Amino acid sequence: MDRREKTSDVTTASKTSTAEASPSISASEAFIVNALCALGLALAFWFADSIYSINLVTDPSRTLFFIWILELPIVILLYSRYRRNRRKCSYLRAVGRGILGVPVGAILNSLGAIALGAPVTSQYLPKTVNWSLMMSLFTKFLHHVLGSSWADWRRIFAQSKPNGFVEYLICLPAHGAVIGGWFGAWPMPLDWERPWQEWPISVSYGTLAGYMVALVASLGFVVVHGRSRHVKKE
């Protein structure tokens with residue numbers, strides 16, 4: 001009896017800690033989160049076009065700046081609500097962790113882009129910096145949700161095994177941005193002589209397209225699996 005009671009206590013404690021580590025999210029809440037992220041991107045493009053009459057082709061540096069600066073508060077304030085270990089990490093701490101993680105991620109993204117052939121001249125430096133900040137925002141917002149747990153990062157990115165709706169909601173857009181940027185880089189070396197082939201225009205379009213598609217896919221996952229769980233309970 002003692003062993004059974006101890007086993008039951010351990011199981012209950014494990015479930016409790018798991019629930020605290022991975023907060024749940026409803027389909028309607030997931031829709032609002034993704035819709036606000038998409039709205040931030042739409043607002044950035046509208047602001048660049050209506051106020052400054054620019055876009056990614058005519059002025060990629062400033063357009064990318066508007067994208068990440070307007071998307072930053074939306075992403076960080078929203079996703080910090082789904083931080084893990086809420087007893088140890090307050091909302092403000094998660095927000096601060098997310099803000100600090102963006103420039104760190106931007107440095108890593110810029111080094112990776114340069115290693116893969118991105119130009120390093122002063123002409124392209126502002127473009128690379130703003131693209132790296134945007135890319136960091138789309139991929140590193142996992143930091144203020146998961147924290148610095150290497151095991152979780154490896155499980156999600158290296159093993160592609162997200163756990164729970166929230167992790168799918170943040171994992172799929174991050175993967176979508178990376179994959180979209182990778183495909184967006186393919187036309188750059190081709191001899192088409194199009195203005196949008198210049199760094200980082202096509203890569204940015206690919207990143208944004210992959211991110212948006214993954215937002216829709218992550219929402220679909222939450223809706224479908226949420227309904228299947230509801231049916232199983234009944």
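Trainee: Which residues does UniProt list for "transmembrane region"?

Mentor: The unreviewed UniProt entry gives residues 31-52, 64-82, 94-119, 131-153, 165-185 and 205-224. Keep in mind that the structure here is a predicted model.

Trainee: What does the chain look like over residues 31-52?

Mentor: That stretch is 100% helix and 0% strand. Its end C-alpha atoms lie 31 Å apart.

Trainee: And over residues 205-224?

Mentor: Again 100% helix and 0% strand, with 29 Å between the end C-alpha atoms.

Trainee: How many helices and strands in the protein chain?

Mentor: The count is 9 helices and 0 strands.

Trainee: Switching to H4. How far does that helix reach?

Mentor: H4 covers residues 91-115, 25 residues in total. From first C-alpha to last it reaches 36 Å, close to the 36 Å expected at 1.5 Å a residue.

Trainee: Which H4 residues are buried?

Mentor: Among them are Ala 94, Gly 98, Gly 101, Val 102, Gly 105, Ala 106 and Asn 109.

Trainee: What happens just after H4?

Mentor: Gly 117 takes a positive phi there, about 115°.

Trainee: Now H5, residues 125-139. Why is H5 described as largely enclosed?

Mentor: Because 12 of its 15 residues are buried. They include Lys 127, Asn 130, Trp 131 and Phe 138.

Trainee: What share of the protein chain is buried?

Mentor: Of its 234 residues, 43% count as buried.

Notes: Residues are numbered from 1 along each chain as its sequence is written. This is a predicted model: local features need pLDDT of at least 70, side-chain atom pairs count only at pLDDT 80 or more; totals for chains, interfaces and linings use all residues. Side-chain values use heavy atoms; hydrogens and water are left out. Helices (H or I, at least four residues) and strands (E, at least two) are DSSP runs, numbered from the N terminus. The expected span of a helix is 1.5 Å times one less than its number of residues. Buried means under 20% relative accessible area, exposed over 50%, partly exposed in between (1.4 Å probe, protein chains only). UniProt positions are given in the numbering used here, feature names are shortened, and annotations may be inferred rather than shown by experiment.
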